[in-house]
Each structure stands twice: as C-alpha cells, then as structure tokens.
Amino acid sequence: MSPKHSREFLTVQQHILLQQHEKAPGASGQFSWLLSGITIAAKIIADRVRRLGLFSLSGAAGAENVQGEAQQKLDVFANDILLRTLGMRDSVAILASEENEEPIVCNVGGGGHYVVLFDPLDGSSNIDCNVGVGTIFSILRCDGEGRGVGGESAVLQRGAQQVAAGYIFYGSAVSLAYTTGSGVHLFTLDNAIGAFVLTQEHVRIPQRGGIYSVNEANSLSFPEGYRRFLEWAKSKEAGPYSSRYVGSMVADIHRTLLKGGVFFYPPTAKAPEGKLRLMYEANPMAMILEQAGGLAFVGGDRRRILEVEPRSLHQRTPLIMGSPEDVERVVAFL
Ligand code: AHM
Ligand code: MG
C-alpha cells in the first residue's frame with residue numbers, strides 16, 4: 001500500500017477529512033472543524049475522568065477541593081467544555097444537551113449549518129465508583145426551516161436525518177466511535193501523542209452475540225413479552241446466554257457493538273416511556289448500530305428508533321438494539 005493510502009497512524013481528524021474527500025470532494029472542511037470541537041472536549045473530559053479522585057470532581061457542585069479550587073460536578077464540567085468548544089465554531093447553529101432544558105442558539109442565520117445534540121457524561125451514577133462513562137453526540141443539519149426562538153423546532157428531526165453520530169467511551173482505554181452514514185469507525189486515544197488513532201474501520205456487529213443487557217431488577221414491571229424472553233434466555237433451549245449490564249449506556253452499547261448481543265430498556269412502572277432519551281441517547285446509538293449491521297427498534301412492532309417523530313427535546317423512548325438475531329429473538333416474544 002502506498003503511504004498515501006495507508007491507514008496506519010490515521011487520526012480521527014484525518015479520517016474524517018479523507019471520508020469527506022471521497023464522499024464530497026468540494027467539502028469546505030467545516031464539518032471536520034465541528035467534529036474537532038467534540039474530540040478536543042473529549043480529551044479534556046477524559047483527562048478529568050482519569051483524575052477524578054485527585055480533584056474530587058465527584059463531590060457536589062459548589063464545594064471546594066483540596067487545592068482550594070471550586071469544585072464542579074463532572075457532568076456539569078463536561079457540559080461546559082462541550083458548550084465552549086462547539087459554541088465557538090461558526091458552523092454550529094444550535095446546541096442541545098441533556099444538561100440544558102432548552103436548546104442554545106449559537107449561530108443561526110450567520111453560517112451555522114448544524115445542530116449538535118449531546119449527552120455530555122452518560123452513566124453519571126457510575127462516576128463515583130470508577131466505572132466507565134461516556135459522551136454521546138448526534139449531528140443534524142439545520143435546514144433553515146422553523147428556527148423558532150428557542151431553536152426547538154429545528155432540533156426536532158427524526159434520527160434518520162442525522163448526518164453523523166457517535167460516542168466516546170471513557171473506559172480502561174478511551175474509545176471513540178463515529179459514523180457519517182458510511183460505516184462505523186473506531187479510534188483509541190493514544191495519550192502519548194494526544195490523538196484518537198484509528199483502530200478499526202467499518203466495524204461490523206456480530207449477527208448473534210448471545211448476551212442480554214438489561215436492568216433485570218425492573219423485570220417485574222416489564223411488559224409480559226420481555227419477562228418471557230428473560231425466562232427463555234435462561235433455559236437450556238436458548239443455548240448459553242450471558243447477562244452483562246454496566247448501567248452506562250455507552251459501555252453497554254460499546255460491548256454490544258464489539259461482542260454482539262441485545263441491549264434493551266423496556267417501559268417500566270417507574271418509567272412508562274422507558275428511561276433513555278430519544279434525541280441524544282437512542283438516536284445516535286441506533287445510527288451507530290444500524291451502520292454496523294445491527295437493529296434498533298422501539299418495541300415489538302419493529303418500528304425503527306430512527307423513524308420516531310420527536311415531540312420534545314428530552315423525550316424518552318423504550319428501546320431494543322443490538323445484533324440482528326438477538327434483537328429478533330426479543331421481538332419474537334413481544
Ligand atoms: P444518565 O444520562 O442520567 O446517566 O442516565 C442514563 C443511564 C444510561 O447510561 C444507562 O443505560 C441507564 O441510565 C441505566 O439506568 P438504570 O440505572 O435504570 O438501569
Ligand atoms: Mg444519559
């Protein structure tokens with residue numbers, strides 16, 4: 001392979017530029033500049049996650065740490081960083097975050113072409129005990145229609161309209177997965193050079209993984225079909241099914257992408273619409289998994305998550321996603 005076409009030591013920035021060059025030769029580079037806002041923020045967040053104990057970032061916001069510095073909860077910190085790194089990019093029209101009630105209008109009418117939605121630090125209940133957490137993002141085009149004052153009408157687009165989506169997983173290594181609709185590509189943060197380096201291009205999810213991932217403690221209030229699936233999954237007939245549940249969606253989806261299996265969060269008595277958020281949790285993960293050859297449904301009617309018409313920024317949805325055979329297995333019981 002000529003050095004020009006080598007995929008060795010390819011950073012995520014270079015990868016995005018190459019992809020754009022292949023797909024849209026005349027692209028202005030605005031999109032890759034936007035994504036660099038996410039990767040810079042991710043490196044800063046990764047650094048803080050690593051030093052969590054040292055800086056007591058797990059404490060309540062408003063307190064002081066041992067150095068006498070003002071403490072900030074890590075999820076508030078992660079949100080601030082993303083708002084700053086993305087907010088200064090001209091191509092960003094609107095930002096919307098799990099941490100902000102309303103969308104933030106940055107640059108509508110002045111060249112902003114994209115809406116960026118994110119969950120700055122997903123899995124926050126796991127922060128204090130050093131278990132993997134993540135950042136999830138979804139990018140939509142700002143089409144010039146319906147840009148209301150709060151920006152919500154521009155944000156409420158179906159997941160199928162995402163131009164890119166991805167996540168960063170702060171685990172034992174820091175992984176980044178992204179898609180622009182041409183497969184899923186995986187990068188690992190190389191701390192020595194401070195860059196996300198390509199580790200796997202065109203990731204494919206296994207057809208079947210034989211792992212189910214769900215908060216089974218809620219199962220008594222799941223609709224009946226889910227309970228029957230869980231019963232069946234423990235039977236001899238099901239073959240060896242394993243159970244894995246981290247409780248951080250990014251960690252559970254990352255494992256599902258690489259090892260296969262099914263992740264689901266059904267309606268429960270406490271959360272009749274499910275717990276996870278459509279716009280910045282379910283949609284980006286559904287795009288990633290579909291792009292890797294997986295399935296992502298709302299429930300037993302096999303409606304794609306990506307086809308759900310959103311009504312509000314923070315709306316929740318039940319979901320079943322993962323390897324085609326494992327997802328179909330759950331659906332068959334519904
Ligand atoms: P968060 O955005 O407040 O962190 O909540 C979302 C998290 C997901 O990461 C995870 O899949 C889910 O909540 C776990 O919920 P539960 O504790 O009900 O199993
Ligand atoms: Mg979340």
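Modeller: Quick ground rules: the model is predicted, with local features needing pLDDT of at least 70 and side-chain atom pairs pLDDT 80 or more, while totals for chains, interfaces and linings use all residues. Residues are numbered from 1 along each chain as its sequence is written, chains are lettered from A and ligands numbered from 1 in the order written, and side-chain values use heavy atoms, with hydrogens and water left out.

Biologist: Which residues are the protein donors of the magnesium ion (ligand 2)?

Modeller: Donors here are N, O and S atoms within 2.8 Å of the metal (3.2 Å for Na, K and Ca), and water is not among the atoms, so sites may look incomplete. Along the chain, the spacing of the donors reads E-x20-D-x2-D-x158-E. They lie 1.9 to 2.8 Å from the ion, and they are Glu98 (OE), Asp119 (OD), Asp122 (OD) and Glu281 (OE).

Biologist: How many residues apart are Asp119 and Glu281?

Modeller: Helices (H or I, at least four residues) and strands (E, at least two) are DSSP runs, numbered from the N terminus. Among the donors of the magnesium ion (ligand 2) are Asp119 and Glu281. Asp119 sits in strand β3 (residues 114–122) and Glu281 in helix α8 (residues 278–291), so this pair links distant parts of the chain, 162 residues apart.

Biologist: Is Asp119 buried or exposed?

Modeller: Buried means under 20% relative accessible area, exposed over 50%, and partly exposed in between (1.4 Å probe, protein chains only). Glu281 comes out at 4%, so Glu281 counts as buried. Asp119 has 2% relative accessibility, so the word for Asp119 is buried.

Biologist: How many residues of α8 are buried?

Modeller: The buried ones include Leu278, Tyr280, Glu281 and Pro284. Just after α8, Gly293 takes a positive phi of about 100 degrees. The helix itself is mostly covered, and of its 14 residues the buried number is 12.

Biologist: And α7, which residue just after it takes a positive phi?

Modeller: Helix α7 (residues 249–259) is mostly covered, with nine of its 11 residues buried. Met249, His254 and Leu257 are among those buried. Just after α7, a positive phi of about 85 degrees is taken by Gly260.

Biologist: Now ligand 1: which residues are the closest to it?

Modeller: A residue is near a molecule or strand if one of its heavy atoms lies within 4 Å of it. In total, 15 residues surround ligand 1. The closest are Asp122, Asn215, Tyr245, Met249 and Tyr265.

Biologist: What share of the accessible area of ligand 1 does the protein cover?

Modeller: Polar side-chain atoms of Asp122 and Tyr265 each lie 2.6 Å from an oxygen atom of ligand 1, and one of Lys275 lies 2.9 Å from an oxygen atom of ligand 1. Accessible areas come from the Shrake-Rupley method with a 1.4 Å probe; for residues, only the protein chains shown count as cover. On its own, ligand 1 has 470 Å² of accessible area, and the protein covers 82%.

Biologist: Asn130 has a positive phi without being a glycine; is Asn130 buried or exposed?

Modeller: Asn130 lies in the loop between β3 and β4 (133–141), and its phi is about 60 degrees. His202 also has a positive phi, about 50 degrees, although not a glycine, and is partly exposed at 46%. With 72% relative accessibility, Asn130 counts as exposed.

Terms used:
A polar contact is a pair of N or O atoms within 3.5 Å; within protein, one must be able to donate a hydrogen and the other to accept it, and residues adjacent in sequence count only if both atoms are side-chain atoms.
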